[in-house]
Amino acid sequence: MNKIVKYVITDILRNRIIIIYTLFLLASALTVFSLEDNSSKGLLSLLNIILIVVPLVSIIFSTIYVYNSAEFIELLVSQPLRRKSIWLSIFTGLASSLALAFFIGAGIPILLYQANMIGLTMILSGTVLSVIFVAIALLSAVQTRDKAKGIGAAIMLWLYFSLLFDGLVLFLLFQFSDYPLEKPMIGISALNPIDLTRILILLQLDVSAMMGYTGAVFKDFFGTYPGLVFSCAVLLLWIALPIWLSTKKFKSKDL
Amino acid sequence: MIIVKNISKQFGKLKALNNISTSCNKGECIALIGPNGSGKTTLIKCILGMVLPDSGTLTFNGKDISGDWQYRSKIGYMPQIGRYPDNMSIGQVLNMMTDIRSPETVLDEDLVRAFSIDKLLDKRMRTLSGGTVQKVSAALAFMFNPEVLILDEPTAGLDPIASELFKEKILAEKEKGKLVLITSHILSDLDDLVSRVIYMQEGSLIFHKSIEELRRDTGEERLVKSIAQVMAMNYE
């Protein structure tokens, strides 16, 4: 398995996109931090960039990579290798190179300007988000052979997680504004990894005071130890579940 | 060595394989013949585990292959259209395959030399012509001294000299007691190679005969003519 991971990573590093992505993150992080004199304000601006860009690049790059390596996968499947280890190697290769790109691009500047709990939470969330969206990309790419359909699905998924989901939540809140929705909101936030990481980071910043009563409920829940364990477990589930499903599908796929 | 039992496979509405049963033994060189779309490649892919049959069983050396993967280390497969990672050079592909298969025996590099692939090691896969890719596929199939060779349209893109060299190599391997499964539409290439013939049509296996039987039944000496007769009979 390690051998395949090695070939996947060398193949990805030979691709210039991942280097451009790293440089982009590096440039935006440094700009944001040097523009604001208060580095926690800079962190907030960086948060918004990260929550949009990291999932987008992770999901699109992984989907395109899987489709472009169709030949490579076919070649590997005809060799004495377990299908499961082929698929998991591709996942490991993609996840580790995207996580590494995030760490170099955004992690190092954060460590330079904000080496505290908030900064660390942000680095961890960004890394976990990269891995989650690689897992989601693999799940959507294994469903169809059609490249155009696959990339379309990846874009729709990203749009859903970063825009449509929030719209749906707002809609729900307005429709049911007569009922106490603060507690169910915690459950609903678990349905979207981007929202979950956003809440986790915002709670560490002082701005959570501005989120009103819901913010107070969130702080009560996510600010505690069980809440933290819950959110970590949910994030891990967001990695494990798509990977488990896609491996199952890949094992019975005709190539 | 390979026993196929009641294999069926459906792609959507198309019945690619319809209840196929046959067996292949050591030291045989079997030709898989049939019109386009008769299910030859699907059958080969089933044996390799690339396509999973809807029903039926496949055994390799007495062991069921479903869920197994180690048996593939005994197979050398040359695909109809060899496709390799574009960015890799020939040398990298050869090294990678050696790395993945980690062979215990010495590598068989006869074809690498015969096709002078060793002079092209730095070339990227995407810059190669179709014929050169075929040569790389052929060299890879033979490289790890497999017990079974599965060759899907091997001579389709090869030039006459390469094709002759390749046929000599197949004969040499057959003499060593290996099982060779070969599909081709160029029947004249198969004439002096094969010992048995499997004829398929529309996903069904029409017959599996030794070449002597086929000659006797059709009354023709050359494979081309006997198969032409069979095809005409089944063509309607």
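Which residues does Leu88(A) touch, not counting residues up to four places away in sequence? They are Met1(A) and Thr247(A), where two residues are in contact if their C-beta atoms, placed from the backbone, lie within 7 Å. This is a predicted model, in which local features need pLDDT of at least 70, side-chain atom pairs count only at pLDDT 80 or more, and totals for chains, interfaces and linings use all residues. Residues are numbered from 1 along each chain as its sequence is written, while chains are lettered from A and ligands numbered from 1 in the order in which they are written. The model scores ipTM 0.86 and pTM 0.90.

**Chain A as a whole**

- Chain A has 11 helices and zero strands; helices (H or I, at least four residues) and strands (E, at least two) are DSSP runs, numbered from the N terminus.
- The radius of gyration of chain A is 19 Å, close to the 18 Å that the globule rule gives for 255 residues, so chain A is as compact as a globular protein of that length. That radius is taken over C-alpha atoms, and the globule rule is 2.2 Å times the number of residues to the power 0.38.
- Taken along the principal axes, the C-alpha atoms of chain A fill a box of roughly 60 × 45 × 30 Å.
- Of the 255 residues in chain A, 38% are buried. Buried here calls for 20 or more other C-beta atoms within 10 Å of the residue's own, exposed for 12 or fewer, and partly exposed lies in between, with C-beta atoms placed from the backbone.
- Take the contacts in chain A between residues at least 6 apart in sequence: 79% of them join residues at least 24 apart.
- The average pLDDT of chain A is 89, and 96% of the residues score at least 70; pLDDT is the predictor's confidence in each residue, from 0 to 100.

- Helix 3 (residues 39-68) of chain A has 30 residues, which should span 44 Å at 1.5 Å a residue, and its end C-alpha atoms are 41 Å apart, which agrees. The expected span is 1.5 Å times one less than the number of residues in the helix.
- At Ile50(A), helix 3 of chain A bends by about 30°; the bend at a residue is the angle between axes fitted to the seven residues ending there and the seven starting there.
- Helix 5 of chain A, with 31 residues, reaches 44 Å from its first C-alpha to its last, close to the 45 Å expected.
- Helix 5 of chain A has a kink of about 35° at Gly107(A), shortly before the proline Pro109(A).

- Leu88(A) sits in helix 5 (residues 83-113) of chain A and counts as partly exposed, with 19 C-beta neighbours inside 10 Å.
- From Leu88(A) to Trp244(A) the C-alpha to C-alpha distance is 9.6 Å, although they are 156 residues apart in sequence.
- Gly105(A) also lies in helix 5 of chain A, and is buried, with 24 other C-beta atoms within 10 Å.
- Leaving aside neighbours within four places in sequence, the contacts of Gly105(A) are Tyr21(A), Thr22(A), Leu25(A), Leu26(A) and Ala29(A).
- Gly105(A) and Phe171(A) are 66 residues apart in sequence, and their C-alpha atoms are 36 Å apart in space.

**Chain B**

- Eight helices and 10 strands make up the secondary structure of chain B.
- A compact globule of 236 residues would have a radius of gyration near 18 Å, and chain B has 18 Å, which agrees.
- The C-alpha trace of chain B spans about 50 × 40 × 35 Å along its principal axes, and 41% of the 236 residues count as buried.
- Chain B has a mean pLDDT of 88, with 99% of its residues at 70 or more.
- Asn19(B), in strand 2 (residues 14-24) of chain B, has a positive phi of about 50° although it is not a glycine.
- Asn61(B), in the loop between strand 4 (55-60) and strand 5 (63-64) of chain B, has a positive phi of about 55° and is not a glycine either.

**Where the chains meet**

- The contact takes 18 residues from chain A and 17 residues from chain B.
- On the side of chain A that touches chain B, helix 1 (2-13) and helix 4 (70-77) of chain A are the elements that give two or more residues. Helix 4 of chain A gives the most, with five residues.
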